[in-house]
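Have the viewer open as you read.

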Amino acid sequence: MNRWHLHLRHAPEARLDLRSIGSHLRLAPDADTLAALPLACGRDLLPMGTLFDIAPLSEGDADLRLSGDLSRADRIGWQWSEGTLEVIGDAGHHLGTAMSGGTVRVSGDAGDGAGIEMRGGELRIGGNAGDYLASTLPGSMDGMRGGLIVVDGSVGARCADRMRRGTVVVRGDAGDFLGSRLVAGTVLLGGRCGAHPAWGMRRGTLLLAGPAPADLGDGFVPDHADHGVFLALLTRDLARHGGVAAALAGRPARFLRGDLAVDGRGEVLLFA
């Protein structure tokens, strides 16, 4: 297997679609073969070699490394399935969409729709992420279905909308409708959340380690059962992700159930 470093020479005027840069690139026999592969740039198809400097990768643990100004490069890690993809800097929209395995790691920010309909693997974002993290593609009823997403910064609106499985850890703040229509899975927020968290929640677990939200809604009621064992196991599992997740053990939590407006049985844990 070959390991490659692709450096974008300069940000193009039109947005780049990098969905064709996938795990299979490790099978490319040489740089000339990679340079001839077409990439979508706006309405045009351009050879990869006209946009990227291509060189073998010798250091680090990544199988594929992308660098340069990639803030207008969309669908990086689309359907990624194995190995490690590393992005030095920012990434555009739909980072890691529908990935099923491996690791996608970004040192900077990510645009909207990161981790949409993810089924497995790990997506790690060192900066902030936009709206619809771990959510759904247009017209779909199922959001993130498995895997792990860790965001060191903050996220936008509708994070984990319609999420069905997996774990999302956000160490910063979140926008409106965090965990809306959540079906299953675990979402941990370390900072402040926007309006209407857990709106339409059916099942799953939302942990709010920052300030308690002001408008959780009337669809959530206190759950006074003894959750000591469950809480200890949950916080121990989350502690391996570090940061705010590692600081949850031993902190008291208030349990709420809902959203009763949709006959939901989800769990909201308030650590504030």
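Start at cysteine 193, which at 16% relative accessibility counts as buried, since buried means under 20% relative accessible area, exposed over 50% and partly exposed in between, with a 1.4 Å probe and protein chains only. Its sulfur has its closest cysteine sulfur in cysteine 159, 11 Å away, which is too far for a bond. The structure holds 0 disulfides, a disulfide being a pair of cysteine sulfur atoms within 2.5 Å. Cysteine 41 is buried too, with a relative accessible area of 9%.

A word on what you are looking at: this is a predicted model, in which local features need pLDDT of at least 70 and side-chain atom pairs count only at pLDDT 80 or more, while totals for chains, interfaces and linings use all residues. Residues are numbered from 1 along each chain as its sequence is written, and side-chain values use heavy atoms, leaving out hydrogens and water.

Now zoom out to the whole chain. The protein chain has 2 helices and 17 strands; these are DSSP runs numbered from the N terminus, with helices (H or I) of at least four residues and strands (E) of at least two. The radius of gyration is 20 Å, close to the 19 Å that the globule rule gives for 272 residues, so the chain is as compact as a globular protein of that length. Here the radius is taken over C-alpha atoms, and the rule is 2.2 Å times the number of residues to the power 0.38. Along the principal axes, the C-alpha atoms fill a box of roughly 65 × 35 × 25 Å. Buried residues make up 51% of the 272 residues. Of the contacts (heavy atoms within 4.5 Å) with a separation of 6 or more, 40% are between residues 24 or more positions apart.

Next, the aromatic rings. A pair of aromatic rings is described by the distance of the centres and the angle of the planes. The structure holds 2 aromatic pairs, counted for rings of Phe, Tyr and Trp (its six-membered ring) with centres within 6.5 Å, where planes under 30 degrees apart are stacked, over 60 edge-to-face and the rest tilted. Phenylalanine 177 and tryptophan 199 form an edge-to-face pair, 5.8 Å centre to centre with 90 degrees between the planes. This pair links distant parts of the chain, 22 residues apart: phenylalanine 177 is in the loop between β12 (165–170) and β13 (186–189), and tryptophan 199 in the loop between β13 and β14 (205–208). Tryptophan 199 is partly exposed, at 42% relative accessibility.

Phenylalanine 177 also has a charge over its face: arginine 158, at 4.2 Å from the ring centre. That label requires NZ of Lys or CZ of Arg within 6 Å of the ring centre and within 35 degrees of the ring normal. Arginine 19 lies likewise over the face of tryptophan 78, at 4.8 Å from the ring centre.

Histidine 196 is in the loop between β13 and β14 and is partly exposed at 35%. Leaving out residues up to four places away in sequence, histidine 196 touches Phe177, Leu178 and Asp215. Histidine 241, in the loop between α2 (228–238) and β16 (254–258), counts as buried at 7% relative accessibility. With the sequence neighbours up to four places away set aside, histidine 241 touches Arg124, Leu148, Thr167, Val169 and Arg171.
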